[in-house]
Amino acid sequence: MKTVFSGIQPTGKVHLGNFLGAINNWVEMSNGKNKNYFCVVDLHSLTTHPDPKDMDENILSTVKVLIAAGINLDNSTIYVQSKVSEHAQLSWILSNFCQIGDLQRMTQFKEKSSELGSHAGILTYPILMASDILIHKAHEVPVGDDQTQHLELTRNIAERFNNKYGVIFPIPDKTSGKVGARLMSLRHPENKMSKSADDINGTIYFDDSKDDIMKKFKSSVTDSEDEIRYDLDKKAGISNLIDIYSSIQDISHKEVEKKFSSSKYGEFKMEVGEVVANYIHPIFSNYDSLSDKEILSLMKTNLEIAKSSAKKTMEEVNSLLGI
Ligand code: TYM
């Protein structure tokens, strides 16, 4: 049986990129024969200095979205990172198996340090990610493409530790969705779709009304041609819409191009909007029907499972290190 680990930050509302890039895969994997850990990574979110008043609500909402999306709770553990102190403990240990130059080369470090100022948390962020993954000895990590470099680094860290102190960590693999592993903003198709509040019209949130969704697609940025063709370099906006459609409908880019070969951009945008609204709405209505009390109680039980797994790994690591 394989162990799966993945994480999501509780910073703002879950969006379509999170679903198509990661959560869809989590749902699929949770319905297989894996042992799954899905973690709300509040420690990682501290790199953005979030308002403490919003934290509990954002965490609860994120957990509810995961459950509403259909994660199979029979073989999944959903919990909050900061409640399992071993994540931070192992992170310190792993920092001794990671080169500063490797951290400085991370694209997300370069992007985020210009946005948030370069504090050490942004630099060491991927080490905490490695610790999240390795604390449960995960084999598979379903993430969007923006996390590829971080996964590579995790593999290197695991190998270095194993070589020096004894083989304890599996070398984890990245699992990507078929398409949609990197969804772009509808307004700025050169940037990825993100939770950030300064691009609300470029992002589809899980609780957007159909009206909001249609408006956002109507005003999505395309190009001056009128041909629905996948070309990331020349037609980033249309390619993004093709990605979204093909991901939700589970058909290839070529099939989308064929289906809409005689459609105008305006018609295509509305079709994609419809498909997205039909995809999002069942998730939102499931979300709405969940009881906060029941979810909080489930999180308590799940936390014990995560703690016990993390404690076991930490004891092995400490023993190998002689501490
Ligand atoms: P986060 O919270 O930014 O995103 C959660 C997941 O959603 C994916 N994602 C996207 N996929 C496609 N297109 C997009 N526009 C898009 N935006 C987000 C992300 O790839 C991710 O899989 N560092 C991670 C959280 C994390 C983690 C981990 C993940 C912490 N520790 C250990 C895996 C394993 C992050 O910030 O995800």
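Me: Which polar side-chain atom lies 2.7 Å from a nitrogen atom of the ligand?

Reply: One from Tyr 125. That pair is a polar contact (N or O atoms within 3.5 Å). Before we go on: this is a predicted model, where local features need pLDDT of at least 70, side-chain atom pairs count only at pLDDT 80 or more, and totals for chains, interfaces and linings use all residues. Residues are numbered from 1 along each chain as its sequence is written, and side-chain values use heavy atoms, with hydrogens and water left out.

Me: And which side chain has an N or O atom 2.4 Å from an oxygen atom of the ligand?

Reply: Asp 146. Lys 195 also has a polar side-chain atom 3.1 Å from a ligand oxygen.

Me: How much of the ligand does the protein bury?

Reply: 97% of the 710 Å² that the ligand exposes when taken alone. Those areas come from the Shrake-Rupley method with a 1.4 Å probe.

Me: How many residues surround the ligand?

Reply: There are 28, each with a heavy atom within 4 Å of the ligand. The closest are Gln 9, Tyr 125, Asp 132, Asp 146 and Leu 183.

Me: What classes are in that shell?

Reply: It has 12 nonpolar, 11 polar and 5 charged residues. Asp, Glu, Lys and Arg count as charged; Ala, Val, Leu, Ile, Met, Phe, Trp, Tyr, Cys and Pro as nonpolar; the others, Gly among them, as polar.

Me: Which residues line it?

Reply: Met 106, Gln 108, Phe 109, Lys 112, Ile 122, Tyr 125, Pro 126 and His 150. Lining means having an atom within 4 Å of a point. Tyr 125 is back again: it lines the cavity and is also among the residues closest to the ligand.

Me: What about the second largest pocket, how much space lies there?

Reply: About 310 Å³. A pocket is an open set of points, with protein on both sides within 12 Å along at least five of seven lines. Its lining has 13 residues, and Ile 59, Val 80, Lys 83, Leu 296 and Met 299 lie nearest the centre. By class, the lining has 8 nonpolar, 1 polar and 4 charged residues.

Terms used
On a 1 Å grid over the protein atoms alone, a cavity is a set of points where a 1.4 Å probe fits but cannot get out, and a pocket is an open set with protein on both sides within 12 Å along at least five of seven lines; lining residues have an atom within 4 Å of a point. Grid points are joined across faces, edges and corners, and a volume is the space filled by probe spheres set on the points. A polar contact is a pair of N or O atoms within 3.5 Å; within protein, one must be able to donate a hydrogen and the other to accept it, and residues adjacent in sequence count only if both atoms are side-chain atoms.
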